[in-house]
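I opened a notebook page for this structure. The entries below follow the order in which I looked things up.

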Amino acid sequence: MISESLVDLSRLQFAATAFYHFLFVPLTLGLSFLLAIMESVYVLTGKTIYRDMTKFWGKLFGINFALGVTTGLTMEFQFGTNWAFYSHYVGDIFGAPLAIEGLLAFFLESTMVGLFFFGWDRLSRLGHLCVTYLVAIGSNLSALLILIANAWMQNPVGADFNPVTMRMEMTNFADIVFNPVAQSKFVHTLSAGYVTASIFVLGISAWYLLKNRDSEFARRSFRIAASFGLASALSVIVLGDESGYTAAETQETKLAAMEAMWKTEPAPAGLTLFGFPDEKTRTTKMAIHVPYVMGLIGTRTTDKVIPGIDELEARIARRIDTGIVAVKALERLRKDPKNAQRLADFNAVKADLGYGLLLKKYVADVSQATTEMKARAIDDAIPHVPSLFWSFRLMVGLSIGFLALFATAFYYAARNQLSTPWLLKWALWSIPLPWIACELGWFVAEYGRQPWTIHGVLPTHLSTSALSPGNLIFSLSGFLIFYSLLLVAELYLMFKYARLGPSSLGTGRYHFETAGQHTEARHA
Amino acid sequence: MLDYTTLKLVWWALVGVLLFGFAVMDGHDMGVGTLLPFVGRSDDERRAVLNSVGPHWEGNQVWFITAGGALFAAWPLVYAAVFSGFYIAMLAVLWALFFRPVGFDYRSKLADKRWRQAWDWGIFVGSAVPALVFGVAFGNVILGIPFHFEDTMLPVYSGSFWQLFSPFALVAGVVSLSMLVFHGANYLIVRTEGDIQRRAQRAATLAGVVMLLGFALGGVMANTMSGYVVTSPIDTGAGLNPLDKEVVRQAGAWMANFHAHPALFAFPALGFVGGLLGIVFARVARGVIAFICSALAELGIIATAGIAIFPFVLPSSTDPHSSLTLWDCVSSQRTLGVMFWVALIMTPIIVAYTGWAYRVMRGKVTVEYIKANDHSTY
């Protein structure tokens, strides 16, 4: 039997390694496109400084990319090592986008990234530019396929349970690819990556400007980052993915929790802008309530009702009752797989099988579940409100801050006033913030999916491998040690090369190479 | 749409193709990584060795990643049972692999001697440990793995980590490691010159001989070991539950396919001939032909193992009817079909642009080249 501490440790390990992996992903997604833009300018204008920009920001890209690849390996292993039952139960669907990711995207990105670094003298200008674009396209395509897989965990479409093989099987591949949750997640995640990379370039360039070093190089980088960042920050907000939450029924519990919608309101529902949600009293204290807004954003209509937690719980209670019937019907069918009546009985209720499995956390034979156990299962099925409520608001608040920064930076860059210290300091100190926003976003998405690994289909507590907690303590310790060491090495090199700036290219044209004279990089 | 039986067979072959692709592509840079501290004496020499695979190892590693992904998609039960069962061994591989991306990319970014030497050994570990453990894992698969499925199909492994290192599994590990080192040495003969090339030639001879001896010894041991036989009828065209079949252990069963179809002896023969010719061409510094020969030896050796246990892919030693065969470890017909078309279209494209990348970067990597490109090479 799977112990609860094993489940908790497995979740902790997955969360820690996934959060860690995503420290490196957004910069890869965004910086690859910024490099392509810089190099495009180089090819169009022939100005060497843009090639130097591509090479220098490319160096920082490489330092980041190495850890992105390293930590991505863990993700590929970990479904099998730690989530063996999950891998069996949904591998038929979930494995496909992962394998396609390798064939379609990651091969391209990884093969081209080698030529990006080593092919400068071997390829024509246009040839190398194509390589850079292929790196960017590869990394973004890779994100698309991973997000298709992830979106299926949130909204499992195009699949059905097969009682012979005892797993979910694909019924419609197109439904999985065009999952509405995948579409909104893709756009949202990419824009977040573009924002992250833009602030990274903006902030480091601002530092050079503050130090009055390599100003020409920094100004040009700053301008490109400000323009690209402004467009991306706008798209994060305009294409904000809240629509994705209501487009899919399975996302309703997440939406209700992150908006602290304790009770169903008549349409269009109001938005709680701020407040302190309290799980015990099921109220939000000191709430600042804006009427109508939630209903309008969430449903794009004035008459569709968004269910609150009270209504969702009533629905879950009904589905758990049917789910118990489904679990028992499956057990009977397994004893006599050829029995058509038993198959029909099971098919009638199998949509709620997952809800019956929720009770397995409390009792092996779900038909013996007490009212109290059912109440606990219903309670489990609503994600933790205060943490989601706050994480979501913090993420949105940070994003609005990014938009303000980019708009200001763009304005000053356009007027060629890039010696404004407060703006430069603002950009510099903003560097860590997009990472915080990205991680908060993933927290909302994945913690908000609990208690499921596959929403409504497979509860988290059934998904793990048959390991011992000792195995997990061993692996967690290993990850802690290796990841800490790798992070130290990464940050050390990142800081070293960012401080060194374009002088690290060894062209002889930049600050540390011109022996302190105030020469600027002269663009040919 | 292809019928289910055909798709199952095609995917058995495709998993083999991915393993072979991994051995040829990632295999040679793992071999180079293993040889790095030995064929490169000075820092510049080591950089020449590193940069011979510098532009390519990243793409090559995707063969490994894709093989993992394809296993997940096409053989989810194998992916679940192997990765969770070999938990500690898998972590050892994973953690060793950590050293490669970081080692390649970070090593030469600082001039400090200790920093560089530490990463050289990191790359060695990241290349040699996975090569060894993969072989040990395959050896265990051939021996049968102590695992069973519960009624829900949760795989449960009942062996220990140390149990993995039985004599036969160790022989398999040595074959796997020496095979990739042999292949990597042949690659270095192509891409380097002078002292490095001469050391690579010696390494190729040594690794090739070890590989051939190990392969022969493994064959002798497999000849008498207990294999597995399915004794109940299998409806290959249906979606199957592995637990619904009967399996028995039988001495010598792993030779049955070869005896039934003697033409299949061509594969072990290819392993030996490829290995011998590879050594000969390595000694006369004909790198490209030696590289092709070692690739063919890899094909022969991998195919020999796959054919020996056919139709099994993961026999269970403690609960034989939990054993997985290529008929019942697979995804649904629809998933196999979708994945088949994706693989059919993408694989030639991948091979084409990978080939182009090698063409762009062709030629010898010399110490002079490293010195001239100090800031842009590994």
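**Entry 1: domains of chain A**

I looked up the area buried between domain 1 of chain A and domain 2 of chain A: about 900 Å², of which carbon and sulfur atoms give 64%. Buried area here is the accessible area (1.4 Å probe) that two parts lose on being put together, summed over both. I note that this is a predicted model, in which local features need pLDDT of at least 70, side-chain atom pairs count only at pLDDT 80 or more, and totals for chains, interfaces and linings use all residues. Residues are numbered from 1 along each chain as its sequence is written, chains are lettered from A and ligands numbered from 1 in the order in which they are written, and side-chain values use heavy atoms, with hydrogens and water left out.

I then checked the bounds, which come from an automatic or database domain assignment. Chain A is split into domain 1 (4-251 + 383-505), domain 2 (266-304) and domain 3 (309-380). Taken over C-alpha atoms, the centres of domain 1 and domain 2 of chain A are 30 Å apart. Their contact (heavy atoms within 4.5 Å) takes 10 residues from domain 1 of chain A and 13 residues from domain 2 of chain A.

I counted 0 salt bridges between domain 1 and domain 2 of chain A, a salt bridge being a side-chain nitrogen of Lys or Arg within 4 Å of a carboxyl oxygen of Asp or Glu. I found 3 residue pairs in polar contact between these two domains (both at pLDDT 80 or more). A polar contact is a pair of N or O atoms within 3.5 Å; within protein, one must be able to donate a hydrogen and the other to accept it, and residues adjacent in sequence count only if both atoms are side-chain atoms.

**Entry 2: chain A against chain B**

I turned to the two chains and found 81 residues of chain A in contact with 73 residues of chain B. The area buried between chain A and chain B is about 6800 Å², and carbon and sulfur atoms give 73% of that. On the side of chain A, F77(A), F107(A) and F118(A) lose the most area to chain B, together 12% of what that side buries.

Which charged or polar pairs cross over? For salt bridges, the rule finds 0 across the interface of chain A and chain B. For polar contact, the rule finds 20 residue pairs there (both at pLDDT 80 or more).
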